[in-house]
Amino acid sequence: MSLYEKYHVCYGGQEEERKANYTDMVNKYYDLVTSFYEFGWGESFHFAHRWNGESLRESIKRHEHFLALQLRLQPGQKVLDVGCGIGGPLREISRFSSTSILGLNNNEYQITRGKELNRIAGLDKTCNFIKADFMKIPIADNTFDAVYAIEATCHAPDAYGCYKEIFRVLKPGQYFAAYEWCMTDNFDPQNPEHQKIKAEIEIGDGLPDIRLTTKCLEALKQAGFEVIWEKDLAADSPVPWYLPLDKSHFSLSSFRLTAVGRLFTKNMVKVLEYVGLAPKGSLRVQDFLEKAAEGLVEGGKKEIFTPMYFFLARKPNSDTDSDSN
């Protein structure tokens with residue numbers, strides 16, 4: 001555990017060191033937590049805008065379909081999912097839009113799991129994975145008809161460098177859409193409580209530094225994109241996005257994420273670790289995921305953090321096209 005924990009502020013780690021070692025840090029993080037995420041969330045590790053009366057699972061699917069519609073996906077197109085996890089959204093969007101999707105991920109364990117789930121879903125002919133760093137995508141220029149990222153590029157040590165690579169592999173005239181984890185305009189870097197919440201989210205979710213929404217926007221434009229529209233979708237979600245993590249809320253459909261469910265899971269993990277069925281350190285993973293959950297709920301309630309700052313951006317057709325905007 002110390003290899004991951006040592007990168008973080010609470011343990012004396014510096015932001016510069018986290019940024020320099022982000023690949024190592026993100027891999028160690030996902031090796032540790034993938035099984036916990038899948039147990040808690042299913043195959044799609046992300047939050048969602050949610051209507052009253054809509055289940056968590058329904059809202060997650062709709063969040064993914066919304067992305068596909070914004071990208072104007074057409075059957076047969078080649079799409080890139082940047083930071084795809086085990087491929088839950090990739091499979092859902094591929095089925096919804098009849099597209100061929102390549103998932104980019106730098107974690108071997110998640111790719112192995114994703115390939116197996118693709119095979120089970122019958123999508124192994126149209127969808128695949130590539131093990132690569134999204135700061136250095138090993139793919140030719142102008143390859144993809146669309147690119148998206150769901151709560152993933154927040155792991156990049158430098159937003160501009162990441163968006164520039166996405167810009168390069170996207171065909172001219174085509175779209176890039178994403179949901180970003182960001183600190184909102186309500187975040188006050190001088191406020192100790194705000195700083196503590198930010199640090200809890202960073203250590204619990206394997207992030208080098210959480211950027212402001214305005215910084216993401218600047219980086220997009222700097223990378224060459226024309227921003228079509230952007231909005232924090234958490235701002236008008238009738239059901240708060242953090243509700244499944246809130247200890248004061250109980251729901252049978254998301255039992256494993258609630259306080260009672262988390263206590264039950266924690267005790268189960270303790271037993272599994274004791275009898276040798278769960279690797280040593282599993283309980284520590286559970287503990288810092290707990291810490292992250294608390295940070296996320298507090299950040300959500302205070303409206304200083306959002307996991308769904310949405311933007312739709314377009315790569316201009318040519319230099320003249322970008323000059324005219």
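**View 1. Arg72 lies over the face of Tyr175, at 4.5 Å from the ring centre.** A charge is taken to sit over a ring if NZ of Lys or CZ of Arg is within 6 Å of the ring centre and within 35 degrees of the ring normal. The model is predicted, so local features need pLDDT of at least 70 and side-chain atom pairs count only at pLDDT 80 or more, whereas totals for chains, interfaces and linings use all residues. Residues are numbered from 1 along each chain as its sequence is written, and side-chain values use heavy atoms, with hydrogens and water left out.

**View 2. Helix α7, residues 159–169, is largely enclosed by the rest of the structure, because 8 of its 11 residues are buried.** Buried means under 20% relative accessible area, exposed over 50%, and partly exposed in between (1.4 Å probe, protein chains only); helices (H or I, at least four residues) and strands (E, at least two) are DSSP runs, numbered from the N terminus. The buried residues of α7, among them Cys162, Tyr163, Ile166 and Phe167, pack against β1 (78–82), β4 (144–150), β5 (170–183), α9 (213–222) and β7 (305–314), where contact means heavy atoms within 4.5 Å. At the start of α7, a side-chain oxygen of Asp158 comes to within 3.3 Å of the backbone nitrogen of Tyr160.

**View 3. Trp229 and Phe310 form one of the 15 aromatic pairs found in a search of the whole structure.** Their ring centres are 4.9 Å apart and their planes stand at 50°, so the pair is tilted. Rings of Phe, Tyr and Trp (its six-membered ring) pair if their centres lie within 6.5 Å, and planes under 30 degrees apart count as stacked, over 60 as edge-to-face and the rest as tilted. Because Trp229 belongs to strand β6 (residues 226–232) and Phe310 to strand β7, the pair ties together parts that are 81 residues apart in sequence. Trp229 counts as partly exposed, at 29% relative accessibility, whereas Phe310 is buried, with a relative accessible area of 0%.

**View 4. Trp241 and Tyr242 form an edge-to-face aromatic pair, 5.5 Å from centre to centre and with 85° between the planes.** Both Trp241 and Tyr242 are buried.

**View 5. Ring pairs link Tyr163, Phe167, Phe176, Phe225, Tyr309 and Phe311 into a cluster.**

Methods. Polar contact = N/O pair within 3.5 Å; in protein donor to acceptor, adjacent residues only side chain to side chain.
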